[in-house]
Amino acid sequence: MRDKKIIKFTVNGNSEEREAVVGETLLKFIRDELNLTGTKSGCEIGECGACTVLLDGKPVNSCLVLAVELDGKDLLTIEGLSKNGELDRLQQAFIDHAAFQCGYCTPGMIMAARSLLERNANPNDDEINEALSGNLCRCGAYQEIRDAVKDSAKK
Amino acid sequence: MSDLKIVGTSVPRKDAMEKVTGAAEFIEDRYMGPMLYAKMKKSTVVHGRILSIKTEKAEKHPGVKAILTGKDYPNMIGLYLIDRTFLAVDKVRFWGEPVAVVAATSEKAAAEAVDLIEVEYEELPGVFDPREGIKPDAPVIHENLGNYEIVPIFYPTPGTNIANHFKIRKGDIEKGFDQADHVLEKEYYVPQMQHVPIETHKAAVQWSPDGKLTVWSTAQSPNVVRQLLAKSLDLPMHKIRVISSYIGGGFGCKAGASIEGLLVPIAQKYPGHIIRIVFDREEDMQGTFTRQALFSKLRTGYTKDGRITALQYEMIWDGGAYTEYGVNIVRAAGYSSTGAYDIPNVKTDSYCVYTNNSIGGPVRGFGMCEMQWGIERQIEEIAKQLEMDPLEVRLKNGMKRGSTTASGQVVQDVDYEKCLKVVADKIGWGKKESGKDGKLRGKGIAGLVKCPAQPSNAASSAIIRINEDGTAHVMVGATEMGQGMLTVISQIASEALHIPVDKIDIKVPDTDFTPYEWQSVGSRITYTCGTSVKRAAEDALGQIYRIAADLLEVPQEDLSYDGKKVYSTRDPDIKATIREIADSCKKCTGEGIAGPIIGRGSFVPTNMTNLDPETGQGNPGLFYCFGATGVEVEVDPETGVIEVIQLASSIDAGKAINPQLAKVQLHGGTIMGLSTALYEEVRFDKGIMLNRNFTDYKIATFDNVPHMDSFIVETPETKGPYGARGIGEQPMIGVAPAVANAVSDALGVEFNSFPLTPEKVWRALKDKK
Ligand code: FES
Ligand code: FES
């Protein structure tokens with residue numbers, strides 16, 4: 001009943017061609033169609049950052065983007081960070097610093113931080129605070145996240 | 001205990017790999033089978049009689065499978081005071097109360113159908129302030145209060161809105177005030193707050209054709225969900241299975257039972273289908289427990305050298321529309337009503353009052369943040385009146401080994417003094433700094449204490465299975481909501497069994513397979529579940545020795561175990577590896593010795609008692625955990641904006657099983673406390689919640705969180721596993737008063753409520769001038 005559109009894109013390095021429901025969010029598409037459930041939903045109105053993914057390298061709240069906008073773009077989700085079972089150094093730093101408790105904000109947090117590190121190889125506290133201020137962590141792992149980001153930048 | 005190998009080390013979290021890779025499964029990530037999606041129709045009035053609910057149009061909406069109203073499903077549920085139904089029956093008592101639920105083939109269809117349901121109400125006068133609600137002529141919200149089933153440790157007054165009145169009468173209050181040189185009386189107010197875990201409440205249910213109910217839930221306590229559903233639905237427990245996943249933050253809001261039972265009749269209509277409900281952010285804000293607001297009046301008598309001789313505390317709590325859980329918070333705040341201080345004469349009256357605001361319930365701290373706000377502010381004022389150092393007044397009155405609480409319980413294993421002193425030292429207590437650009441600096445300290453608020457028979461249990469290769473499975477009913485249960489419990493098992501942590505598997509609970517655990521609440525799991533696991537490990541170890549003795553034909557007392565093998569101390573060549581013992585357990589003759597090793601352990605408190613109904617005297621605390629917070633602030637008098645310059649927290653963990661995780665927990669609690677101190681307040685307009693999203697309800701994020709210093713004090717808890725006690729909730733308690741004390745030090749004004757928004761600070765300064 002609902003309009004659908006064929007879209008072509010790459011996700012975590014793989015080319016895909018899929019049908020997307022017009023009007024559906026990228027978050028829903030990632031979770032329900034691509035079955036990549038690492039990306040989380042915390043508000044669906046762009047306020048929490050739990051759904052952060054990288055679209056053409058830029059962090060977006062996937063709950064605010066339409067699935068059809070993925071057409072022709074490159075999508076990176078948390079599942080695409082580790083290669084052949086080997087963790088990205090930021091993921092390892094999150095483990096080393098215990099930079100989470102419940103872990104629900106963590107995928108979005110890591111994606112937002114990943115993108116910061118790509119723009120700024122050596123961010124200071126203020127730069128981290130600014131770049132991640134849209135990502136909420138109710139468990140309050142902010143200090144550990146800052147430490148993890150700085151530590152992984154050093155390596 | 002100095003030879004501990006695993007306990008006291010910071011092994012990485014058991015769930016770390018899954019959580020950084022996106023592989024960690026939360027409820028909503030599980031594919032469960034063919035689904036129906038549910039949405040609720042919510043009340044648009046705060047207090048009213050339901051005249052009619054018209055569902056005809058909604059029923060015809062494409063995709064709709066079932067609609068349920070309170071008339072079809074009047075079953076009641078609750079933990080302490082059973083005052084709730086899943087869906088409103090006859091009456092609604094708060095804005096947003098569910099009156100009907102629709103299940104459809106898509107979430108969208110369900111939402112559309114909800115809009116087609118028409119409900120007609122006759123509005124009734126509402127109660128929005130518990131101080132009004134407690135009056136004899138206030139509109140009565142629960143006419144049936146006298147008929148509700150209730151655990152007999154709570155004292156409602158039928159015919160009124162008082163859901164519980166808890167009393168403390170310790171010593172002789174008149175005498176206490178007579179001994180005082182001065183008396184101080186103040187009123188305090190703490191508003192509602194919300195937990196806002198980033199994962200909202202979610203649940204799914206399935207009814208199998210053979211009459212078994214399976215529930216997936218974000219609940220903190222699968223066993224309590226099972227217990228309450230069994231009662232509400234009149235089902236035997238083995239016909240209910242509650243499955244947990246990783247939980248995306250709890251903080252109390254997922255305690256007890258919430259939305260799990262809502263969908264059961266629909267599931268029964270569609271056996272095999274899975275009926276799912278996911279709260280959106282607004283529903284999570286408005287439809288789940290809020291922290292109960294507290295209006296209090298605190299009167300203390302003290303001598304001229306700063307010794308508090310009498311304390312009289314009246315607390316009027318906004319229980320909200322239903323208080324099935326809230327009555328116990330009111331009780332806990334009552335029996336702890338002297339905070340971290342040893343005060344000989346106490347009179348406390350703590351009232352839980354129904355209002356037409358959102359339902360009140362457990363939040364990290366369980367009444368302690370609200371109640372100790374008053375205590376810690378008042379101590380500050382006492383010090384000011386006497387021109388004494390507030391730290392000294394705290395030390396003078398602070399609990400020590402052998403002190404008694406408000407309920408007369410003697411506390412042991414306490415070093416409150418150390419908790420206070422480490423944070424004081426850290427923030428440079430006694431040295432006044434001057435601010436820049438006309439800003440004003442101040443320092444503040446506050447102490448804290450909390451015991452788990454649990455029934456005296458709240459039990460715990462554990463099973464350990466040793467595999468054929470010597471690895472182990474630890475099975476417990478505690479949930480993992482971020483607090484680190486999986487890791488800490490594995491470490492305790494590892495220490496006791498000498499099996500490395502990475503050879504231990506542990507999972508989140510499933511009531512069909514994991515043994516009983518009352519609830520993962522009250523910072524009790526490390527202690528209660530930890531004790532069970534230690535006992536299960538010791539039980540398994542006993543079996544290992546017995547089998548080895550038989551296998552090696554060496555008396556047990558001559559055997560030793562080094563983690564890999566059991567050997568004869570007389571001849572170390574006579575040995576059997578743990579693998580050999582755990583495996584076939586056969587002698588060379590082929591005769592069997594014993595089957596697989598399964599250790600079991602359980603725990604129930606033996607140091608708790610009921611409380612006297614008139615005096616509240618008795619032992620309600622499993623253990624008491626003390627701590628302190630120290631803060632330095634810089635305040636801009638022009639804008640009222642507070643900048644936190646230093647933030648130091650201490651907690652007496654007894655023994656930190658995993659120091660890194662303990663610190664992360666300490667930081668997390670401190671930040672939550674800071675967030676409530678500065679920003680958080682749920683606002684209502686005649687029962688209608690106004691701030692229902694993260695834009696209107698601000699919580700602390702990166703830019704608001706300064707660097708923190710944390711201190712784990714270790715005064716062993718004699719009966720805790722390896723000396724440990726729980727610390728999860730506590731760090732939050734002292735933050736708001738410490739911030740207020742610091743701001744007060746900077747500006748010379750008093751604060752009797754928080755959050756300390758710029759406006760509040762600015763106004764306080766203006767009023768002073
Ligand atoms: S779910 Fe997208 S920002 Fe919260
Ligand atoms: S780790 Fe729980 S919300 Fe960030």
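Domain bounds in these legends come from an automatic or database domain assignment. The structure is a predicted model, in which local features need pLDDT of at least 70 and side-chain atom pairs count only at pLDDT 80 or more, whereas totals for chains, interfaces and linings use all residues. Residues are numbered from 1 along each chain as its sequence is written, chains are lettered from A and ligands numbered from 1 in the order in which they are written, and side-chain values use heavy atoms, with hydrogens and water left out.

**Figure 1. Domain 1 and domain 3 of chain B.** The assignment divides chain B into domain 1 (16–23 + 458–603), domain 2 (32–124 + 207–270) and domain 3 (387–454 + 611–768). Taken over C-alpha atoms, the centres of domain 1 of chain B and domain 3 of chain B are separated by 38 Å. In contact (heavy atoms within 4.5 Å) are 20 residues of domain 1 of chain B and 21 residues of domain 3 of chain B. The buried area, that is, the accessible area (1.4 Å probe) that two parts lose on being put together, summed over both, is about 1,600 Å² for this pair, with 66% given by carbon and sulfur atoms. Gly522(B), Ser523(B) and Tyr527(B) supply 39% of the area that domain 1 of chain B buries against domain 3 of chain B, more than any other three residues.

Figure 2. Chain A comprises domain 1 (4–78) and domain 2 (89–154), whose C-alpha centres lie 21 Å apart. Contacts join 15 residues of domain 1 of chain A to 13 residues of domain 2 of chain A. Between these domains about 1,100 Å² is buried, 65% of it from carbon and sulfur atoms. The salt-bridge count between the two domains of chain A is zero.

**Figure 3. The interface of chain A and chain B.** In this view, 45 residues of chain A are in contact with 54 residues of chain B. The two chains bury about 3,800 Å² between them, with 60% on carbon and sulfur atoms. Three salt bridges are counted between chain A and chain B. Arg31(A) forms a salt bridge with Asp29(B), in which the closest N and O atoms are 2.8 Å apart.

**Figure 4. The largest pocket.** On a 1 Å grid over the protein atoms alone, where a 1.4 Å probe fits, a pocket is an open set of points with protein on both sides within 12 Å along at least five of seven lines, and lining residues have an atom within 4 Å of a point. A volume is the space filled by probe spheres set on the points, which are joined across faces, edges and corners; for the largest pocket it is about 1,300 Å³. Its lining has 43 residues, of which Lys28(A), Asp32(A), Glu28(B), Glu107(B) and Arg276(B) lie nearest the centre. Helices (H or I, at least four residues) and strands (E, at least two) are DSSP runs, numbered from the N terminus. Helix 1 of chain A gives the largest share of the lining of the largest pocket, five residues. By class, this lining has 13 nonpolar (Ala, Val, Leu, Ile, Met, Phe, Trp, Tyr, Cys and Pro), 19 charged (Asp, Glu, Lys and Arg) and eleven polar residues (the others, Gly among them). The side chains of Arg276(B) and Glu107(B) form a salt bridge (3.6 Å, N to O). This pair links distant parts of the chain, with Arg276(B) in strand 14 of chain B and Glu107(B) in helix 3 of chain B, 169 residues apart.

**Figure 5. The second largest pocket.** The second largest pocket holds about 550 Å³ of space. Its lining has 28 residues, the closest to the centre being Leu79(B), Tyr80(B), Val151(B), Gln227(B) and Pro455(B). Helix 6 of chain B gives the most to this lining, with four residues. The lining of the second largest pocket has 16 nonpolar, nine polar and three charged residues.

**Figure 6. Backbone geometry in two loops of chain B.** Phe754(B) and Pro755(B) are joined by a cis peptide bond with omega of about 10°. Pro755(B) lies in the loop between helix 17 (735–747) and helix 18 (758–768) of chain B. Asp413(B), although not a glycine, has a positive phi of about 50°. The loop between helix 11 (390–397) and helix 12 (416–426) of chain B contains Asp413(B).

Note on methods. A salt bridge is a side-chain nitrogen of Lys or Arg within 4 Å of a carboxyl oxygen of Asp or Glu.
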